[in-house]
Each structure stands twice: as C-alpha cells, then as structure tokens.
Amino acid sequence: MSATVRIDRYVTDTLMRDLTGHDARPSAFLLYLYISTRPARRVRASLTDLARGTGISKRSIQLSIAWLQRRRLLEVTRSSATAIPTFVALRPWHSDDE
C-alpha cells in the first residue's frame, strides 16, 4: 500500500533552490524533506535513524541539522544531553509556525 505525501509548493519552488544552490547544502534539503514529510509533526530519531532514512552519512546529518537550525528551519529538543532528539521541521513562511 502506498502513501501520498503532500509537499508545500514553497519547499520545491524556493527552499530547494535556496538550500541546494545558494547555500550549497543539498543534504540539508534532503534532511528537511525527510523530516517534514513524516506522518507525525514531531519526529523522534537518532542520527543513525536519519542516516538510514535519507541515505546520507551521519556526519552529513549532523552538519545538516546544524545548518537547518541556523536557518531556523528545524527545531531540535532533547530531554537530556544524551537522549534521542525530537525534530520539528519549521515552516516560517506559514503563519501557524510563528
């Protein structure tokens, strides 16, 4: 059974070009796309889970997380320093995420 995923047009028309072209961070775009299309808004996942899910190395995942946080496109929370983090893909172009 296949599932349909709805992607905001801004993601493909603007964010993709911005992250892959201007910022030269295609792995950050792939990570954002992966997190933002999960069924749950909050995604609890280890670096290994994200690497497996995207096909990107763990180091690239770490760099992408940092970049997306700097760009205010990703919120990361942890209950402790060693806990598995929870990720939320932010959509600053939507008023419901402000």
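1. Contact here denotes heavy atoms within 4.5 Å. In H2, Ser 27, Ala 28, Leu 31 and Tyr 32 meet Ser 60, Ile 61, Ser 64, Ile 65, Trp 67 and Leu 68 in H4. By class, this contact has 7 nonpolar, 3 polar and no charged residues (Ala, Val, Leu, Ile, Met, Phe, Trp, Tyr, Cys and Pro count as nonpolar; Asp, Glu, Lys and Arg as charged; the others, Gly among them, as polar).

2. The model is predicted: local features need pLDDT of at least 70, side-chain atom pairs count only at pLDDT 80 or more, and totals for chains, interfaces and linings use all residues. Residues are numbered from 1 along each chain as its sequence is written, and side-chain values use heavy atoms, with hydrogens and water left out.

3. Helix H2 (residues 26–36) and helix H4 (residues 58–70) pack at about 80°, with axes 9 Å apart (axes are lines fitted to C-alpha atoms, for helices over the stretch in contact; angles run from 0 to 180 degrees between N-to-C directions). H2 and H4 are therefore roughly perpendicular (65 to 115 degrees).

4. The axes of helix H1 (residues 9–22) and H2 come within 7 Å and cross at roughly 145°. Val 11, Leu 15, Met 16, Leu 19 and Thr 20 of H1 make the contact with Pro 26, Ala 28, Phe 29, Tyr 32 and Leu 33 of H2. That contact has 9 nonpolar residues, 1 polar and no charged.

5. Strand S3 (residues 86–89) is covered on both faces: Thr 86 and Val 88 on one side, and Phe 87 and Ala 89 on the other, are all buried (under 20% relative accessible area, 1.4 Å probe, protein chains only). Strand S2 (residues 74–77) runs antiparallel to S3, joined by 4 bridges, and Glu 75 has Val 88 as its bridge partner in S3.

Key. Buried < 20%, exposed > 50% of the residue type's maximum accessible area, 1.4 Å probe, protein only. Helix = DSSP H or I, 4+ residues; strand = E, 2+ residues; numbered from the N terminus. Pairing = 2+ DSSP bridges. Parallel < 35°, antiparallel > 145°, perpendicular 65-115°, else oblique.
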